[in-house]
Amino acid sequence: GASESAVLMGLSSYASLIELWGIKSGRIQEGEEPETDRQLWGLRLEPLVAEEYGRRTKRRLERCAKLLRSTKWPFMLATPDYFTSDELPPYSNRAPDMPLEIKTTDFHRRGDWKDGPPERVIVQLQHQMAVTGATRASAGVLVGGNKFYWADVPRDDAMIGQIVSACEKFWQQVRTETLPPVASEQNT
């Protein structure tokens, strides 16, 4: 999935490549650890942050409630939080087609969003664009419970190529039950 691409690219502090491999290969049961307060509040606040995104950007939003699979790269999946578009009037019959990720984060992480989404979120959005074929994606974040930022991210085919390559290599390791290299070797 798109959020796991950050792990494959060495940009996640939430999971390691070995942990992800264990989950995908069925050796580790996903969701064994209890949900954290951070995860709980992130999920509960997501609709409110999305509503504020729509209010500030004047964009239409549609909740994405399904798992999407790339037709070009069937090993790549994505579940964007929403789809949006500023190019469609409210009465249009066409659905919004720009992936939108909604995030919440702590005040001490505010610097991560100062110049746009952090690299781990950009990777997630690029992965979603690869799966959906979109030419841009967007992210909205509530920082520290009281500061809102949003940014659009254009499609970067070079980065998508790197993500596709990492996903394909990782999925081959899962399918062949080949343990990935240790963290210090994963991006060399």
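Two strands are taken as paired if DSSP finds at least two bridges between them. Helices (H or I, at least four residues) and strands (E, at least two) are DSSP runs, numbered from the N terminus. The model is predicted: local features need pLDDT of at least 70, side-chain atom pairs count only at pLDDT 80 or more, and totals for chains, interfaces and linings use all residues. Residues are numbered from 1 along each chain as its sequence is written, and side-chain values use heavy atoms, with hydrogens and water left out.

Strand pairing is described first. Strand S1 (residues 60–63) and S4 run antiparallel and are joined by four bridges. Within this pairing, Leu61 stands opposite Thr84 in S4. S4 also pairs with strand S5 (residues 98–105), in the antiparallel sense and over three bridges. Here Thr84 stands opposite Met98 in S5. S5 and S6 run parallel, with six bridges between them. Lys103 stands opposite Val141 in S6.

Burial was assigned from relative accessible area: under 20% is buried, over 50% is exposed, and values in between are partly exposed (1.4 Å probe, protein chains only). In a regular strand the side chains alternate between the two faces of the sheet. Strand S4 (residues 82–85) has Tyr82 and Thr84 pointing one way and Phe83 and Ser85 the other way. All of these S4 residues are buried. In S6, seven of the eight residues are buried, so this strand is largely enclosed by the rest of the structure.

Nonpolar cores were then traced. A core is a set of buried Ala, Val, Leu, Ile, Met, Phe, Trp, Tyr and Cys residues joined through side-chain atoms within 4.5 Å. The largest such core has 33 residues. Those with the most contacts inside it are Leu8, Met76, Leu125, Met129 and Phe170. Two or more residues each come from helix H1 (2–8), helix H2 (17–24), helix H4 (119–132), strand S6 (136–143) and helix H5 (157–175). H5 gives the largest share of this core, eight residues. A second, separate core has eight residues, including Ala50, Tyr82, Leu100 and Ile102. Tyr82 also carries a charge over its ring: Arg63 lies over the face of Tyr82, at 4.9 Å from the ring centre. The criterion is NZ of Lys or CZ of Arg within 6 Å of the ring centre and within 35 degrees of the ring normal.

Helix H2 has four named buried positions: Leu17, Leu20, Trp21 and Gly22. The buried residues of H2 pack against H1 and H5, where contact means heavy atoms within 4.5 Å. Just after H2, Gly26 takes a positive phi of about 85°.

Aromatic rings were examined next. Rings of Phe, Tyr and Trp (its six-membered ring) pair if their centres lie within 6.5 Å; planes under 30 degrees apart count as stacked, over 60 as edge-to-face and the rest as tilted. By this rule the structure has one aromatic pair. The partners are Tyr53 and Trp150, in an edge-to-face arrangement with 5.9 Å centre to centre and 80° between the planes. Tyr53 lies in helix H3 (residues 37–57) and Trp150 in strand S7 (residues 147–154), so the pair ties together parts that are 97 residues apart in sequence. Tyr53 is buried, at 0% relative accessible area. Trp150 is partly exposed, at 38%.

Side chains of opposite charge can pair when their charged atoms come close. A salt bridge requires a side-chain nitrogen of Lys or Arg within 4 Å of a carboxyl oxygen of Asp or Glu. The whole structure holds 14 salt bridges. One of them joins Arg136 and Asp152 (3.0 Å, N to O). Arg136 lies in strand S6 and Asp152 in strand S7, so this bridge ties together parts that are 16 residues apart in sequence. Both ends are partly exposed, Arg136 at 23% and Asp152 at 28% relative accessibility. Within it, the closest N and O atoms of Glu52 and Arg55 are 2.7 Å apart. Glu52 and Arg55 both lie in helix H3, three residues apart, about one turn of the helix. Arg55 is exposed, at 52% relative accessible area. A further bridge links Glu101 with Lys103, whose closest N and O atoms are 3.6 Å apart. Glu101 is buried at 3%, whereas Lys103 is partly exposed at 22%.
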